[in-house]
Amino acid sequence: MGEFELIARYFRRPERALGAGVALGVGDDCALLQPTPGMQWAVSSDMLVSGRHFFPDVDPRTLGHKALAVNLSDLAACGARPLGFTLALALPEANAAWLQPFSEGLFALADAHGCALVGGDTTRGPLNICITVFGEVPPSQALLRSGAQGGDDVYVSGTLGDAALALQCLQGKVHLPPALLTQARQRLEQPTPRVALGLALREVASAVADVSDGLLGDLGHILQQSGVGATLDAGIAMHLLAAGAYSTGASGLFSSQMPVAQLLQCVLAGGDDYELVFTAPPDRAAAVQAAALASDTPVTRIGRIDAAAGLRVVDGRGQPLPGDWKSFDHFA
């Protein structure tokens, strides 16, 4: 199978599938995009490298989903509506048994968000997936990392830590019951981009970031760009580990296998969650809950923004919790 046959068979779609905002998609040297008049572009790129971001033998259908999901999560953090994306794909070989489910997983999520594939490139090489996604947002309504103020509440969407827990199990560092591994692995391989919540948080949240490299690291970006600090309640955060629902609590479930500090590492710094961490003034608490309800996305208040710089993690009694939680670093 040659390059152009590969593109035509697996990645070129009917014009009716392009959707609003795309005047011309795959097939020419450039795509033609047309945002709604008066809107601004929101653009983001992410690369997934075999052996670094995913296991080489991962299900290609879930890999197609995740490759786009991590980009849509960036649009969600900006409060942008998805329009289209490009795909640059390096493959060891043109394998139909791999390409078919990969493209199906990719397009299932793309169709769910009205986000059309508009171009890209393919070549032979080590498996590498790079997507650039395009969205639109009204002027002055983009959600940024730089707006947090002292006294704001800190929230996070969904659950945290399960993807990191699944990774540790797959690496042989911890044992999980089969049902629990299945649940956690789905969070690792098929994250849910919180696009609807991002849209609902426009003019509600003061600052937002997506949680891709770990809660503390990504919240740290907000603190740095806003010039503030924060205090987080580790006791509340621990209950965001969805796996804990299999017992009376995460620490109760794993105490015989994993120290609490190791569980906290998953929750606070594990990464691959693709949830949203955001801040909002206390008087916007009702609006935050309305956004959560409108987007069918649970949100949890986990701390507050401090005027003084620094990130402090405390226990349920407000006492400082010792630990050196390091978020994911591509070059560490």
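## Strand pairing around β6

Nine bridges connect strand β4 (residues 81-91) with β6, and the two run antiparallel. Within this pairing, Phe85 stands opposite Val133 of β6. The model described here is a predicted one.

Strand β6 also pairs with β3, in the antiparallel sense and over 10 bridges. In that pairing, Val49 has Asn128 of β6 as its bridge partner. Strand β6 is mostly covered, with eight of its 10 residues buried.

## Gly84 in strand β4

Gly84 is situated in strand β4. Its relative accessibility is 0%, so Gly84 counts as buried. Leaving aside residues up to four places away in sequence, Gly84 touches Cys115, Ala116 and Val118, as well as Thr132, Val133 and Phe134.

## Aromatic pairs

A search of the whole structure finds three aromatic pairs. In one of them, the rings of Trp41 and Phe134 have centres 6.2 Å apart and planes at 75°; because an angle over 60 degrees counts as edge-to-face, the pair belongs to that class. This pair links distant parts of the chain, since Trp41 lies in strand β3 (residues 40-49) and Phe134 in strand β6 (residues 128-137), 93 residues apart. The two residues can also be described by their accessibility. Trp41 has a relative accessible area of 38% and is therefore partly exposed, whereas Phe134, at 18% relative accessibility, counts as buried.

Another aromatic pair is formed by Trp98 and Phe102, with 4.7 Å from centre to centre and 15° between the planes, a stacked arrangement. Both residues belong to helix α3 (residues 96-112), where they are four residues apart, about one turn of the helix. In an α-helix there are 3.6 residues a turn, so residues three or four places apart point the same way. Trp98 and Phe102 are both buried.

## Cysteines

A search of the whole structure finds zero disulfides. Two cysteines illustrate the accessibility classes. Cys78 has a relative accessible area of 19%; because buried means under 20%, Cys78 is placed in that class. Cys130, at 24% relative accessibility, counts as partly exposed.

## Helix α4

Helix α4 (residues 162-170) has nine residues, of which seven are buried, so the helix is largely enclosed by the rest of the structure. The buried residues of α4 are Asp162, Ala163, Ala164, Leu165, Ala166, Gln168 and Cys169. Just after α4, Gly172 adopts a positive phi of about 80°.

## Asp315 after strand β12

Asp315 is found in the segment after β12 (310-314). With 18% relative accessibility, Asp315 counts as buried, because the limit for that class is under 20%. The side chain of Asp315 reaches the backbone nitrogen of Arg317 at 2.9 Å. Not counting residues up to four places away in sequence, Asp315 touches Asp233 and Leu321.

Technical notes:
Residues are numbered from 1 along each chain as its sequence is written. This is a predicted model: local features need pLDDT of at least 70, side-chain atom pairs count only at pLDDT 80 or more; totals for chains, interfaces and linings use all residues. Side-chain values use heavy atoms; hydrogens and water are left out. Buried means under 20% relative accessible area, exposed over 50%, partly exposed in between (1.4 Å probe, protein chains only). A polar contact is a pair of N or O atoms within 3.5 Å; within protein, one must be able to donate a hydrogen and the other to accept it, and residues adjacent in sequence count only if both atoms are side-chain atoms. Contact means heavy atoms within 4.5 Å. Rings of Phe, Tyr and Trp (its six-membered ring) pair if their centres lie within 6.5 Å; planes under 30 degrees apart count as stacked, over 60 as edge-to-face and the rest as tilted. A disulfide is a pair of cysteine sulfur atoms within 2.5 Å. Two strands pair if DSSP finds at least two bridges between them.
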